[in-house]
Amino acid sequence: MSAMSDLDLPVPFANKSPEMRKFIENVTGYIPGHCATCKALINNEDFHDDLSRREYGISGMCQKCQDIVFNASEDDEESYEQDE
Ligand SMILES: [Zn+2]
């Protein structure tokens, strides 16, 4: 499936099993293609750089939410649950 070849974004939680992703979607309300935090529609152009895109692939957060999170807690390391 490569229907969205114009979007060069990583898929958040792609390294998780389908069951794990279902779990994440149930718990966080995460909708594929939308921000995991504010539920805004994700656009490739929204991200400042590849680092932000990579972060989106990890946390599923849009640029705005990344700005808020990383500005608010610079010395507070991320606290996402890593399974493994
Ligand atoms: Zn957001």
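**Reading the model**

Author: Buried residues make up 14% of the 84 residues in the chain; a residue is buried if 20 or more other C-beta atoms, placed from the backbone, lie within 10 Å of its own, exposed if 12 or fewer, and partly exposed in between. This is a predicted model, in which local features need pLDDT of at least 70, side-chain atom pairs count only at pLDDT 80 or more, and totals for chains, interfaces and linings use all residues. Residues are numbered from 1 along each chain as its sequence is written.

Reader: What is the mean pLDDT of the chain, and in which helices is confidence lowest and highest?

Author: The term pLDDT denotes the predictor's confidence in each residue, from 0 to 100. Here the chain has a mean of 82, with 77% of its residues at 70 or more. Confidence is lowest in α1, with a mean of 88, and highest in α2, at 93.

Reader: How many helices and strands does the chain have?

Author: Helices (H or I, at least four residues) and strands (E, at least two) are DSSP runs, numbered from the N terminus. The chain has 3 helices and 0 strands, in the order α-α-α along the sequence. In α1, the count of buried residues among its 11 residues is 0, so this helix is hardly covered.

Reader: Which residues form the largest nonpolar core?

Author: A nonpolar core is a set of buried Ala, Val, Leu, Ile, Met, Phe, Trp, Tyr and Cys residues joined through C-beta atoms within 7 Å. The largest has 6 residues: C35, A36, I42, Y56, M61 and C62. With residues up to four places away in sequence set aside, C35 touches A40, I42, G60, M61, C62 and C65.

Reader: What share of the contacts with a separation of 6 or more joins residues 24 or more positions apart?

Author: Such pairs account for 51% of those contacts in the chain. One example involves T37, in the loop between α1 and α2. T37 and M61 are 24 residues apart in sequence, yet their C-alpha atoms are 6.1 Å apart in space. Beyond its neighbours within four places in sequence, T37 contacts M61 and C65. T37 counts as partly exposed because 18 other C-beta atoms lie within 10 Å.

Reader: Which residues other than glycine have a positive phi, and are they buried or partly exposed?

Author: Most residues other than glycine have a negative phi. Among the exceptions is F13, with phi near 65°, in the segment before α1. F13 is buried because 20 other C-beta atoms lie within 10 Å. K39, in the loop between α1 and α2 (50–59), has phi near 70°. K39 is partly exposed because its C-beta neighbours inside 10 Å number 14.

Reader: Where does K16 lie, and which residues does K16 contact?

Author: K16 is in the segment before α1 (18–28). Leaving aside neighbours within four places in sequence, K16 is in contact with R21 and I24. K16 counts as partly exposed because it has 14 C-beta neighbours inside 10 Å.

Conventions
Two residues are in contact if their C-beta atoms, placed from the backbone, lie within 7 Å.
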